[in-house]
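Subject: Structure for your review

Dear colleague,

Please find below the structure that I am handing over to you. I would be grateful if you would read the notes that follow with the structure open beside them.

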Amino acid sequence: MTGWKNKIVIVAIFLLALIIISVLVAPLFARLDPVNHSLDETWQKPSLKHWFGTDKFGRDVFARVLYGGRISFLIAMLAMLLSLFIGIPYGLLSGYLGKKTDALLSWFINLFMAIPQFLLILTIIAILDKNSVTWVIIVIALFSWMDVARLVRNQTLTLKERDFILAAQVTGLSSLRILVRHILPNLVGSLVVLATLMLANIILIESALSFIGLGIQPPTPSWGNIINDGRQALVGCWWISIFPGLAIIFTVLCIHIIGEHIQEKNVSRY
Amino acid sequence: MLNYIIKKFFSGLLLLAGLLALTFFMVRLSPGNPAAIGYDPMKSPDSMTRLEKAWGLDQPLHVQFSAWMSGLLQGDLGRSYANNLPVADIMKQAIPNTLLLTIPALLLQIIAGTLLGLVQIVYHHRFADRFISAVTLVLYAIPAFWLALALVMLFSQTWHIFPSSQMQSFAWQEMSFWQKVGDRLWRLVLPVLSMSLASLGVTSRYIRNGLADMMKKTFITAARARGLSEKRIIYNHALRNALIPVITVTGQHFPALISSSVVIELIFSWPGMGRLMVLSSFARDYPVIIACTFLMAVFVIIGTLLADILTALADPRIRL
């Protein structure tokens with residue numbers, strides 16, 4: 001059983017690494033151009049020359065999927081880091097200070113969590129009318145930090161009562177030092193798990209946004225907007241929508257498998 | 001119990017009040033002027049200021065807020081900027097359509113998810129268990145909108161079994177009542193499937209892991225010692241206790257379901273709240289956007305409240 005599971009985790013790591021590396025090295029191959037269109041080669045089936053076929057402008061779908069992956073990963077990574085950046089201090093403060101501060105800060109977390117996250121992101125991006133990568137990252141992070149804050153807060157609340165923190169307080173260490181040097185390191189394990197899951201979640205959110213037409217704007221490819229490109233010719237030219245979708249599924253699936261594995265390792269350590 | 005419900009109710013109410021302020025200011029403070037849409041300085045130079053005046057946009061923000069609040073308390077949600085219809089009327093049309101989509105999806109997710117989780121625990125660590133685990137893990141990674149497109153591609157455009165969009169047939173007017181019901185149900189299949197399939201894994205994994213933990217508890221060992229059959233232990237003893245976290249997780253998952261309904265409504269041209277919200281976001285129809293966001297939040301808060309109460313009913317320890 002364990003051997004079987006470990007093999008799957010290894011495959012997932014390998015596959016994810018393959019996806020990330022091919023996305024990274026894509027610009028090294030001049031043949032792969034995501035925006036270059038040739039009208040002689042529109043709606044081509046997948047072939048040796050165009051692995052994932054071509055779209056209505058004769059653009060190579062394989063190249064578009066690779067370049068779209070660059071955008072998707074970039075957004076997911078930065079938005080995740082930004083929400084960690086907001087959520088960790090927030091949760092630390094809320095959990096460590098406790099009492100009324102905690103009650104107020106937790107109430108704000110609940111407030112943000114009461115509106116469906118995707119809906120909020122979608123509305124704000126639509127109203128802002130700014131579809132640049134930077135804005136997509138900021139808005140996604142602005143409505144994703146709550147999970148981080150809640151996790152950090154709950155764990156800080158229990159850690160605070162432990163003897164080693166008490167000892168640190170008695171020694172006269174400053175609160176900041178206790179938080180950064182003694183509480184934060186104990187949170188790393190669960191934060192890593194949450195961060196991987198967030199990465200997958202943000203990839204899904206971004207693709208849905210771009211699919212609707214609110215996220216990354218064409219001609220810049222993103223997994224979501226390539227799928228949208230293929231909508232008008234689903235049956236005749238299935239490859240345009242199917243391949244970027246598979247890219248999303250494999251990426252998210254690998255991240256989930258790896259995240260779950262880290263989580264199991266975490267639990268067994270205690 | 002009553003105390004518990006009252007406490008939860010008031011904290012929900014407080015959250016609602018905060019949400020009202022949050023949605024209002026977030027939407028109003030963002031840049032962009034709704035009066036500028038379709039504005040043509042050549043035709044009527046003062047149309048923009050006239051519109052701003054009519055919509056109260058020239059007032060200071062706090063005045064706008066209190067005006068909107070007092071309207072809301074009287075049950076008046078304002079008028080849409082886009083077509084000047086009362087927002088309440090627009091919402092009245094959209095809400096039932098969204099519920100028609102989300103409630104069956106939620107039910108399907110709970111029932112099918114529970115059944116799958118049960119099968120997994122009955123065949124624990126055997127092929128069926130692993131197979132279902134793998135399938136639900138993959139389903140969980142599939143974006144709902146892509147699944148919807150794939151289903152449309154196969155079931156409506158290739159095999160022509162289900163319609164690809166719209167809520168009713170062209171012949172709707174001439175249909176008898178039962179034909180209408182049938183037509184509506186037929187059109188529900190693909191959107192509901194694409195919504196619930198993706199989240200099936202959430203429920204089934206919770207049931208499976210919850211049951212697996214339950215089976216290690218001492219009261220199960222005691223039941224085994226009494227010589228009860230394994231099936232009876234699972235259904236009568238373990239399942240009851242494992243269902244409690246399912247209520248909680250369904251409550252937590254509800255916002256995600258509402259979110260996925262947005263994309264699904266767009267794909268299937270289903271005239272619900274999600275679609276309304278996206279279209280009005282593009283049109284900067286502030287009153288409709290604020291009302292939609294607020295109402296969705298109300299749904300979520302009611303959902304969480306219900307989940308809390310149900311959990312407390314099922315597990316008396318929580319009420320304390």
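The axis of a helix is here a line fitted to its C-alpha atoms over the stretch in contact, and the angle between two such axes is taken between their N-to-C directions, from 0 to 180 degrees. Two packed helices are described by the angle between their axes and the distance between the axes. Please bear in mind throughout that the model is predicted.

Helix 7 of chain A (residues 163-170) packs with helix 8 of chain A (residues 175-212) at an angle of about 170°, and their axes are 11 Å apart. Angles over 145 degrees count as roughly antiparallel. Helix 7 and helix 8 of chain A are therefore roughly antiparallel to each other. Where they meet, helix 7 of chain A contributes Phe164(A), Ile165(A), Ala168(A) and Gln169(A), while helix 8 of chain A contributes Ile178(A), His182(A), Ile183(A) and Asn186(A).

The chain as a whole may be summarised as follows. Chain A has 10 helices and 0 strands. Its C-alpha atoms fill a box of roughly 75 × 50 × 30 Å along the principal axes. Of the 270 residues in chain A, 52% are buried. Chain A exposes about 12700 Å², and carbon and sulfur atoms supply 68% of this area. Among contacts in chain A between residues at least 6 apart in sequence, 70% join residues at least 24 apart. As for charge, chain A carries 21 positive and 14 negative side chains, with the centres of the two sets 8 Å apart.

Two residues may also be of use to you as you look through the model.

Asp60(A) lies in the loop between helix 1 (2-25) and helix 2 (61-97) of chain A. Is Asp60(A) buried or exposed? Its relative accessible area is 7%, and buried means under 20%, so Asp60(A) is buried. Not counting residues up to four places away in sequence, Asp60(A) touches Leu32(A), His50(A), Trp51(A), Gly53(A) and Thr54(A).

Met113(A) belongs to helix 3 (residues 99-114) of chain A. With a relative accessibility of 25%, Met113(A) counts as partly exposed. Leaving aside neighbours within four places in sequence, Met113(A) is in contact with Met146(A), Asp147(A) and Arg150(A). Met113(A) and Thr134(A) are 21 residues apart in sequence, and their C-alpha atoms are 23 Å apart in space.

Yours sincerely,
A colleague

Key
Residues numbered from 1 in each chain as written. Chains lettered and ligands numbered in written order. Predicted model: local features only at pLDDT ≥ 70, side-chain atom pairs only at ≥ 80, totals over all residues. Heavy atoms only, no water. Helix = DSSP H or I, 4+ residues; strand = E, 2+ residues; numbered from the N terminus. Buried < 20%, exposed > 50% of the residue type's maximum accessible area, 1.4 Å probe, protein only. Contact = heavy atoms within 4.5 Å. Areas by Shrake-Rupley, 256 points an atom, 1.4 Å probe, with all protein chains shown as cover. Lys, Arg positive; Asp, Glu negative; His and termini not counted. Charge placed at Lys NZ, Arg CZ, Asp CG, Glu CD. Parallel < 35°, antiparallel > 145°, perpendicular 65-115°, else oblique.
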